[in-house]
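Welcome! Here is a friendly walk through one protein model, from its surface and fold to its charged pairs. Please keep the picture open as you read.

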Amino acid sequence: MRADRVFAYGAAAGLIGDLLLGDPRRGHPVAVFGRAAGAVERVLWRDHRGWGALHTAVCVGGAVGLGAVAQHVVRPSRTASVALTAAATWAVVGGTSLVREARVIGRALEAGDVEAARERLPHLCGRDPQALDADGIARAVVESVAENTSDAVVGALVWGAVGGVPGLLGFRAVNTLDAMVGHKSARYRRFGWGSARLDDLAGWPGARLTAVLATLAGEDPRGAVRAWREDAGRHPSPNAGPVEASFAGALGVRLGGTLSYGGRVEHRPVLNREGRAVAPYDIERAVRLSRRVGLLALGAGAVAARLIRKGRRA
C-alpha cells in the first residue's frame, strides 16, 4: 500500500480511536515520554542553553528514531503499517480530552457553579483560576480550545502527513518538551530555550493551517480573516496569535486581554476588538468549531501526503 494511503487510513482510524476512547487514565504514551524526558533532564540539566539543546536533541531524536524503526519493521505488511499509524495517531492527538474538559467547565458555568469551574480549569490550562470570574473562565477555555486544536490535533496531522509515524511522534515530543521546560522560569529560562524555539518552528505550519480551516469552518469567515490579519501579529506567541485570532473572528468574540499565570499578570492585546465578550455558551461553539477543524485537517493531511509522494517520485 502506498505511503499516502497508509497515512490517510491510519490517521482516520487513530482519530476514531481518540473519539471513542479518549486518553487512558494510566500509562498514556505521552506520559511515559514525559517521565523519560524528566529522567534525561536530571542527568543533563545545567543552567545553559547548550545543555538544554542537547536535552531536546536526545529526547526528540529518541522519539523520532523509535518511530522510524517501528515504521521500518512493519513496512512489509499493509495491515501492520496502517495499525501502527493508527496507534501513533491515537497516542499523539488529544482532541477528545480537550473537548471533554472544556465541556465539563462549560456545564459548570452554565449551571452557575463558578467554583466548580475554577477547580476544573487547571486540567485544561495554566491560568490562575481564582483571579477569574465566570466570563474570564469562559474566555480562558475558548482560548485553550483554539490553541490546543492546533497543538493537539492539527499540528500532529501535518507532521504525520510529512513524516509518517516518526513525524507524529516527533511533533508530540517537541510539544511535550515545550510544556515541560519551555517556559521562562528561573530554572528553565536558558535550559528550555532550545525546546521553546523548536516548538515554535514545529508548530508554525499547523498553526497557519488551523487558522485557515477555522476561517473556512467558522460562522463568520470575513471576521476570521479580518481578526487574523489585524491582530495575530500583536500576540506574543507566533503560533497562538493566528489560531486565537481566527477563532475569535470566526466566533464573533473578543479574546486576549489581561490574564494571570502563576501569580504573574500579563496584559496581552485584544484579538478581534469588534467582537463581544465571551460568554459560557461560547465554549460549546468553540468545541464544535474545533471538531470541524480537526476533520478538515485530516482531509488536508491526506491530500498533502499524496502530493508529497508524487513530488518524491517526480
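## Terms and ground rules

A residue is called buried when its relative accessible area is under 20%, exposed when it is over 50%, and partly exposed in between, using a 1.4 Å probe and protein chains only. With that scale, Arg 197 counts as partly exposed at 35% relative accessibility.

This is a predicted model, in which local features need pLDDT of at least 70 and side-chain atom pairs count only at pLDDT 80 or more, while totals for chains, interfaces and linings use all residues. Residues are numbered from 1 along each chain as its sequence is written, and side-chain values use heavy atoms, with hydrogens and water left out.

## The overall fold

The protein chain holds 11 helices and two strands. Both kinds of element are DSSP runs numbered from the N terminus: helices are H or I with at least four residues, and strands are E with at least two. Along the sequence, the pattern reads α-α-α-α-α-α-α-α-α-α-β-β-α.

How does the chain's radius of gyration agree with that of a compact globule, and what are the two values? For 314 residues, a compact globule would have a radius near 20 Å, and the protein chain agrees with 19 Å. Here the radius is taken over C-alpha atoms, and the globule rule is 2.2 Å times the number of residues to the power 0.38. The C-alpha trace spans about 55 × 45 × 35 Å along its principal axes.

## Inside and outside

Of the 314 residues in the protein chain, 51% are buried. Contact means heavy atoms within 4.5 Å. Among the contacts with a separation of 6 or more, 70% involve residues 24 or more positions apart.

Start with Asp 4, which lies in helix H1 (residues 3–21). Asp 4 counts as buried, at 5% relative accessibility. Leaving out residues up to four places away in sequence, Asp 4 touches Ala 305, Arg 306 and Arg 309. Leu 21 is also found in helix H1, but Leu 21 counts as exposed at 61% relative accessibility. From Leu 21 to Arg 107 the C-alpha atoms are 21 Å apart in space, and the two residues are 86 apart in sequence.

Next, look at Thr 176 in helix H7 (residues 134–181). Thr 176 is buried, with a relative accessible area of 12%, and touches Val 30 and Phe 33 when residues up to four places away in sequence are not counted. Arg 127 sits in the loop between helix H6 (114–120) and H7. Arg 127 is buried or exposed? At 6% relative accessibility, Arg 127 counts as buried.

## Charged pairs

Side chains of opposite charge can pair when their charged atoms come close. A salt bridge is a side-chain nitrogen of Lys or Arg within 4 Å of a carboxyl oxygen of Asp or Glu. By this rule the count comes to 15 salt bridges. One of them joins Arg 197 to Asp 200, whose closest N and O atoms are 3.1 Å apart. These two residues are three apart in helix H8 (residues 193–217), so about one helical turn separates them. Asp 200 counts as partly exposed, at 21% relative accessibility.

Another salt bridge links Asp 231 with Arg 273, again with closest N and O atoms 3.1 Å apart. Asp 231 lies in helix H9 (residues 221–231) and Arg 273 in the loop between strand S2 (264–271) and helix H11 (282–313), so the pair ties together parts that are 42 residues apart in sequence. Asp 231 is buried, with a relative accessible area of 2%. In helix H11, Arg 288 and Glu 284 are four residues apart, about one helical turn, and their side chains meet in a salt bridge at 3.9 Å, N to O. Arg 288 is partly exposed at 40% relative accessibility, as is Glu 284 at 25%. Finally, a network of salt bridges links Glu 219, Arg 276, Asp 282 and Arg 285.
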